[in-house]
Amino acid sequence: MNKQVLTKELFIAVRQTRHTVQKEQHYLEIPQIVNRLAEQIRTHTYKPCRYTCFAISDPTPREILAPSYPDRIVHRCLVNKMEPYIDKRFLDCSYANRTGKGHHRAVKQLQCYLQNPANKHYLKMDIESFFNSIDHAVLLQLVKRWIEKMPCASPPLPRYPLPRPSGRGTEKSTSLNGALAPLSADEKQILFSVAQTIITHNPTKNVIYTGNKEKLKIIPRQKSYFHNAPGKGLPLGNLSSQFFANIYLHELDWFVKHKLPSPNGEGQGVRYYLRYVDDIVLLAENTEQLTCWRDALKNFLKNELKLNAHPKKTILQPACYGIDFLGYIVRKDYLLVRRRVVKNFKRKLYFFNRLLNSEKYIYYSCIGSSKLEKMYRKRKLKIPVQPSPELLKNILCCINSYYGIFRFADTYKLRRDIYLNHFKGLQKYFYAANRFQKIGLLSKRV
């Protein structure tokens, strides 16, 4: 592979990585990092650096193994190379980590399915410790198969200026040599070599611990990468892990949509099915059909993908009760927000009031993951805090992130009640607009 082309692709990946403190620390070294990575990738000598381990507890305890900044560049470059071809071939029933197919789109699709009167029952399944249970051998086989099918990830640049469209029509111009060309054998080999290195690397070796180490002790054993069996698991902190997860479970999507028997014996394939990462929902008219599908899915997961359905999170019940899916209670006519989400938001509002008026609000714990809560735990905020413009803007970002969740559902009364009864002292700094759909910052307070 041409080192100059590879270097250019890595610099593109640099621009696409999120602007974090980690990126700022390496900003002046980026040219040297990119040149070193390009040489290592080209010569098949790339090895990941040390990972950083920390725990988050909002909403549930999770162990995060985050890669170093050079490895983040490689992960982004790998996804850039593979995703344009592979993502187009994923089925429409697959959501999460795909452009235009986020969790709101998945919730709306499920609600659309519920509007069919024939869908009287639903089956909801979850894969037990999904990321920690992914089998490296199976994943490598799937990745290799996709790479062998790949043409060039992007069309070559035209050698001549593009012809202008004639007349007033909407005719699209085309390049003279813009056809997709397959990757060379060397490029495919390098691509697979990088993917193999990322997948099989053990991030727990020589790991760097940050944050509150006590939180790591409450992580369940089956959720911790440190207790994984050899040849199992992908770290949650990798961008590539989300992409590889979609590749892994594309096999399940294909099985459901093309192999499972249709209701009433009308051919093969389930029409009312969707998946968001490892959250799976199927709908049918009767429980007998769903029971049959459930058993078939369990067998496929175990025999083909070496995964297990979570026994406590497999639910089969009437759809009229509503479906608990991605933070919402989904019904055919309306959406509600889960109580846990509302409870977490009220706790944050209490914490923000505590920051500004510590005498009136006695806060006994701080377990959230917002920027201000992290600063409070690290004793970087001494209460009471002066309501500076920067502080109020940080509070506003957190508040509107929750209001963005609320306004997607039918929650006018909830939004109004929270602002009028739970903002308390924050009402001096923030106002509600558009029927409590959005919260704004009073200009005189900035």
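Strand S1 (residues 52-56) and strand S2 pair in the antiparallel sense over five bridges, where pairing requires at least two bridges found by DSSP. Thr 52 has Ala 66 of S2 as its bridge partner. Four of the five residues of S2 (residues 62-66) are buried, so this strand is largely enclosed by the rest of the structure; buried denotes under 20% relative accessible area and exposed over 50% (1.4 Å probe, protein chains only). The model is predicted, with local features needing pLDDT of at least 70 and side-chain atom pairs pLDDT 80 or more, whereas totals for chains, interfaces and linings use all residues. Residues are numbered from 1 along each chain as its sequence is written, and side-chain values use heavy atoms, without hydrogens and water.

The axes of helix H4 (residues 69-86) and helix H10 (residues 239-258) come within 9 Å and cross at roughly 25°. H4 and H10 are therefore roughly parallel to each other, a term for angles under 35 degrees. In the contact (heavy atoms within 4.5 Å), His 75, Arg 76, Leu 78, Val 79, Met 82, Glu 83 and Ile 86 of H4 meet Leu 239, Ser 240, Phe 243, Phe 244 and Ile 247 of H10. By class, this contact of H4 with H10 comprises eight nonpolar, two polar and two charged residues.

Val 277, although not a glycine, has a positive phi of about 55°. Val 277 lies in the loop between strand S6 (273-276) and strand S7 (279-284) and is buried, with a relative accessible area of 14%. Arg 435, also not a glycine, has a positive phi of about 55°. Arg 435 is placed in the loop between strand S12 (430-433) and strand S13 (438-441) and is exposed, at a relative accessible area of 54%.

Conventions
Axes fitted to C-alpha atoms, helices over the stretch in contact; angles between N-to-C directions. Helix = DSSP H or I, 4+ residues; strand = E, 2+ residues; numbered from the N terminus. Parallel < 35°, antiparallel > 145°, perpendicular 65-115°, else oblique. Nonpolar A, V, L, I, M, F, W, Y, C, P; charged D, E, K, R; others polar.
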